[in-house]
Amino acid sequence: MIEIKNVSKSFGDKQILKNISAVMETGKTNLIIGTSGSGKTVLQKCMVGLFEVNSGDIIFDGKDLTTMHEEERKELRQQIGMLFQGSALFDSMTVQRNIKFPLDMFTKWSHQKKIARVNDVLDRVNLKDTNKKFPSEISGGMKKRVGIARAIVLKPKYLFCDEPNSGLDPQTSMVIDKLIHEITIENNITTIINTHDMNSVMEIGENILYLYNGEKEWEGTNKEIIFNKNQKLNEFIFASEFLRDAKDMRMLEQKGIIDNDRNMEQIMREGGANLVLGDDDKKDKE
Amino acid sequence: MKLFSSIGAYLLMMKGMFTKPENFKMYWKELMHQSVEIGMGSLWIVTVISIFMGAVSAIQTAYQLVSPVIQKETIAQVVRDTVILEFAPTLVCIVLAGVVGSKIAGELGNMRVSEQIDALEIMGINTRSYLVAPKILGALITIPLLVILAMALGIYGGRLAGSFGGILPAETYDRGLLMNFIPKNVWFALVKAYTFAFIISSVSCFYGYNVKGGALEIGRASTTAVITSCVLILFADYILAFFLL
């Protein structure tokens, strides 16, 4: 579990994070969402120690990162795996060497044992027979999976993912999301994902933290997020008219006003859910 | 103010290099890799430059030494001393500032921009120690060797130019090489070589490691690294000559 207590961060005069507190739970996919510039990446980088916070505490299972010495931080970092937005694979190394790198650096295993572990994690991310390929020879989705494989090869306790679906098509995004979720549950690790992909939020968002302008604006689960009452969050989630209509349709369906697909299709063709919403429904929506 | 903050950041980077390696074997591998990259990667250019540098030096010295009173062996002495004192350490290192310096700055800059350095830091690796130190040590090992090679090839280039150009026979050249030889010159050249090697590698590492931005900034960092290295080399050349000769 990771606890963030009153964390603030600024760069010069610009305040990026303002007094953020949250708990990232073990065994769950914890999502940090928000618009571009809301502070998601800065918060995540503060949590892994790439940035120093101006105030506040970041506690990893009882150990405060902000008060640790360099040696203690090194030890903690060996328990952290991170998937970067661009995968951050080492260009001059093959897939096998990329994944084997943490094993070479931090274990005294034999070569055969390391290769066996590499093959295990490649198997886990469904990437057999890519050992000898270089990052430039594989697709974006495959790079992400290699990135995940490298992040989990040392069996970390904490997994950080910075926009893991960036640049991927919706189908591949779902594959990556599912993989991260399964790994989280299988290994009972604390996973923190930065994203603004609503598909990811709805699929795997077990604990969601919404940031707005560097502040915590909302916190909840994927079950609660659709019908939340926070205006800024709703503007973020339902940025497109299509999604706003989809939400209204869901509301009408729950109220029994729409009872079949033909009904729904007719309403959408005629101009959307607002035609059907009565005053009471509009009040509920607000 | 920016100059002082850059100097401070440079010194902090240098200080950050001195930590216990997480895995000595991996660091040794990286050092060997960098030494080969810097040494073998520059071998051809150093060879070509040195031979031609010596050859041109011989021809131009012969052109200037028109008095019949001056022995032909003097040409060899001038070529020898010019190559050892200046051409081999300074000229070759200025070329290496471009070849090696831009490679180092570009490599580290690309790693910074694509978050590979952050990935290494997250793994718990001190990147100043793992990425920067092997480059500096590799340069300190290989660049002086390249300078020694440049001295030998430069002198040989002069011999070739002298004999093929009919300026002076090889035997005369060889005799001239042994006359009035001052061993201290070689020591001075090596002091310069080590100093310049450190400048080239550390300055390039600094600019590459601290890149912020994208492809344009990587290019800028590379160019700035080369220019800064060249200026510092020339400045150090003057200081060393002033104090040691």
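These are my notes on what I looked up in this structure, a predicted model.

**Chain A, overview**

I began with the element count. Chain A has 12 helices and 10 strands. Of its 286 residues, 37% are buried. I then checked contact range. Among contacts in chain A with a separation of 6 or more, 64% join residues 24 or more positions apart.

**The sheet**

I traced the strand order next. In chain A, 6 strands make an open sheet, ordered S6-S7-S8-S3-S9-S10, with mixed pairing. Which strands stand at the edges? They are S6 and S10 (215-220) of chain A; each has a single partner strand, so one side of each lacks a neighbour in the sheet. From one strand to the next, the twist averages 20°.

I looked at what packs on this sheet. Helix H5 (residues 140-152) of chain A does, touching S6 and S7 (158-162) of chain A. The direction of H5 makes about 170° with that of S6(A).

At the S10 end I checked the pairing sense. S9 (residues 207-212) of chain A and S10(A) run antiparallel over 5 bridges. Tyr212(A) is opposite Glu215(A) in S10(A).

**Strand S8 of chain A**

Is S8(A) enclosed or open? I found 6 of its 6 residues buried, so S8(A) is largely enclosed by the rest of the structure.

Then I went through the partners of S8(A). S3 (residues 29-34) of chain A pairs with S8(A) in the parallel sense over 5 bridges. There Ile32(A) stands opposite Asn194(A). S7(A) also pairs with S8(A) in the parallel sense, over 5 bridges. Here Phe160(A) has Ile192(A) as its bridge partner. I followed the chain from S7(A) through helix H6 (residues 170-187) to S8(A); this β-α-β crossover is right-handed.

**Two positive phi values**

I looked up two residues other than glycine with positive phi. Asn188(A) has phi near 50°. It lies in the loop between H6 and S8 of chain A. Asn188(A) has 10 C-beta neighbours inside 10 Å, so it counts as exposed.

Asp61(A) has phi near 45°. Its place is the loop between S4 (55-60) and S5 (63-64) of chain A. With 13 C-beta neighbours inside 10 Å, Asp61(A) counts as partly exposed.

**Contact between the chains**

I turned to the contact. It takes 15 residues from chain A and 13 residues from chain B. On the chain A side, H2 (70-77), S6 (80-83) and H3 (95-106) each supply at least two residues. Which element of chain A gives the most? It is H3(A), with 4 residues. By class, I found 10 nonpolar, 2 polar and 3 charged residues on the chain A side.

**The core**

Last, I checked the largest nonpolar core, which has 124 residues. Those with the most contacts inside it include Met82(A), Ala149(A), Ala88(B) and Ile200(B). Helix H3 (residues 73-113) of chain B gives the most to this core, with 17 residues.

Leaving out residues up to four places away in sequence, Ile200(B) touches Cys93(B), Leu96(B), Ala97(B), Val100(B), Gly101(B), Ala139(B) and Ser229(B).

Technical notes: Residues numbered from 1 in each chain as written. Chains lettered and ligands numbered in written order. Predicted model: local features only at pLDDT ≥ 70, side-chain atom pairs only at ≥ 80, totals over all residues. Contact = placed C-beta atoms within 7 Å. Nonpolar A, V, L, I, M, F, W, Y, C, P; charged D, E, K, R; others polar. Core = buried A, V, L, I, M, F, W, Y, C linked by C-beta atoms within 7 Å. Buried ≥ 20, exposed ≤ 12 C-beta atoms within 10 Å, placed from the backbone. Pairing = 2+ DSSP bridges. Axes fitted to C-alpha atoms, helices over the stretch in contact; angles between N-to-C directions. Right-handed = clockwise from strand over helix to strand, strands pointing away.
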